[in-house]
Amino acid sequence: QKQNVTELKMNHEDDYMSDTYLKQVADVRPGLAKRGGKRRGHPGDGEGGSKRQKQNVTENKALEVALATPIPESNKGYLMLQKMGYKDGTGLGKQGGGRLMPVPITMKDGKSGLGKKTFVHEQKARKQQQSVKSVGEFRQMKQDEFVKKRVRADLRKSQLACHQLDTARGTTKPDEDWFWPVVVSEEEPEEADDDQEEEESSMGDVEKLALVTKYLRSTYFYCIWCGTAFEDMEDLDQNCPGDNAEIHD
């Protein structure tokens, strides 16, 4: 009999997975919890910013109107000036040669300090000048590097031509050692004369190129930029533009 009563009670009780229990449970979904409240507004964002801007405009207009309105005669400062001999429409001072109008007031917006706009303007102008100067220096540096490389290449070409022409004529030793290209041999080089080393070190590639070019033109009537050996000096002068690379460009 007890067993039958227990079975009857279990049949009448609701299942914990039934709708009766599920409807009473709060719907909690996984994920980020929703934040309550509104985001704090910043000046210029939403309604708060627009209200602040309108207030600033209204205050500025009111201040401009106040500054444009002359001081009334009932003003204490005006009464003090009249007692000291001031008359309306005349300048300050004993002779009346002072200011006719009060010192003007310049409206200032924002929270920046005095003189910031001038300082920022000067900084921008200084940076612009530095950038222009740096660009000019960079271009000049690249141009100098190009000229040096070109002179070095022309000198090498002139030395090779001088060596070839001297050898074809039967010359075994150049007029100057650097007229011919330097040949590095496996044997130990002989000790060079100190005076000659000092002379070569003091002479740059530009001077060397000028001397080798003069030697080639006067001896063989040859121009490295034309790549031609002319018949004589007259033929060289008439048909060759000049004795440097710039004229041949």
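**A nonpolar core and the helices around it**

In this predicted model, the largest nonpolar core has 15 residues, and C162, F179, V212, Y215, L216 and Y222 touch the most other members. Helix 5 and helix 7 each supply at least two residues of this core. A nonpolar core is a set of buried Ala, Val, Leu, Ile, Met, Phe, Trp, Tyr and Cys residues joined through side-chain atoms within 4.5 Å. Buried means under 20% relative accessible area, exposed means over 50%, and partly exposed lies in between (1.4 Å probe, protein chains only). In soluble globular proteins, nonpolar side chains tend to be buried together.

Residues are numbered from 1 along each chain as its sequence is written, and side-chain values use heavy atoms, with hydrogens and water left out. Because the model is predicted, local features need pLDDT of at least 70 and side-chain atom pairs count only at pLDDT 80 or more, while totals for chains, interfaces and linings use all residues.

The protein contains nine helices and two strands. Helices (H or I, at least four residues) and strands (E, at least two) are DSSP runs, numbered from the N terminus. Along the sequence, the pattern is α-α-α-α-α-α-α-β-β-α-α. Of the 249 residues, 14% are buried. Contact is defined as heavy atoms within 4.5 Å. Among contacts with a separation of 6 or more, 40% join residues 24 or more positions apart.

Helix 5 covers residues 116–169, 54 residues in all. The expected span of a helix is 1.5 Å times one less than its number of residues. Just after helix 5, G170 adopts a positive phi of about 95°.

Helix 7 has 15 residues. Its first and last C-alpha atoms lie 21 Å apart, close to the 21 Å expected. Residues K208, L209, V212, T213, Y215, L216 and R217 are buried in this helix. After helix 7 comes F221, with a positive phi near 55°.

Helices 5 and 7 pack at an angle of about 35°, and their axes are 9 Å apart. Axes are lines fitted to C-alpha atoms, for helices over the stretch in contact, and angles run from 0 to 180 degrees between N-to-C directions. The crossing of helix 5 with helix 7 is left-handed. A crossing is left-handed if the near helix is turned anticlockwise from the far one by less than a right angle, and right-handed if clockwise. On the helix 5 side, the residues that meet helix 7 include V151, L155, S158, Q159 and C162. Their counterparts in helix 7 include L209, V212, T213, Y215 and L216.

Q159 of helix 5 is buried, at 11% relative accessibility. Leaving out residues up to four places away in sequence, Q159 touches W178, F179, W180, P181 and V212. Q159 and W178 are 19 residues apart in sequence, and their C-alpha atoms are 7.6 Å apart. T213 lies in helix 7 and is buried at 7% relative accessibility. Apart from residues up to four places away in sequence, T213 touches S158, W225 and D243.

Y215 is buried at 11% relative accessibility. Beyond its neighbours within four places in sequence, Y215 contacts C162, D166, R169, D175, F179 and Y220.

Aromatic rings also pair. Rings of Phe, Tyr and Trp (its six-membered ring) pair if their centres lie within 6.5 Å; planes under 30 degrees apart count as stacked, over 60 as edge-to-face and the rest as tilted. Three aromatic pairs are counted by this rule. W178 and F179 have ring centres 4.9 Å apart and planes at 75°, so this pair is edge-to-face. W178 is buried at 7%, and F179 is buried at 6% relative accessibility. The rings of Y215 and Y220 are also edge-to-face, because their planes stand at 80° with centres 6.1 Å apart. Y220 is buried at 14% relative accessibility. Ring pairs join W178, F179, Y215 and Y220 into a cluster.

P70 sits in the loop between helix 3 (46–68) and helix 4 (76–83). At 65% relative accessibility, P70 is exposed. P70 and M101 are 31 residues apart along the chain, and their C-alpha atoms are separated by 9.6 Å.
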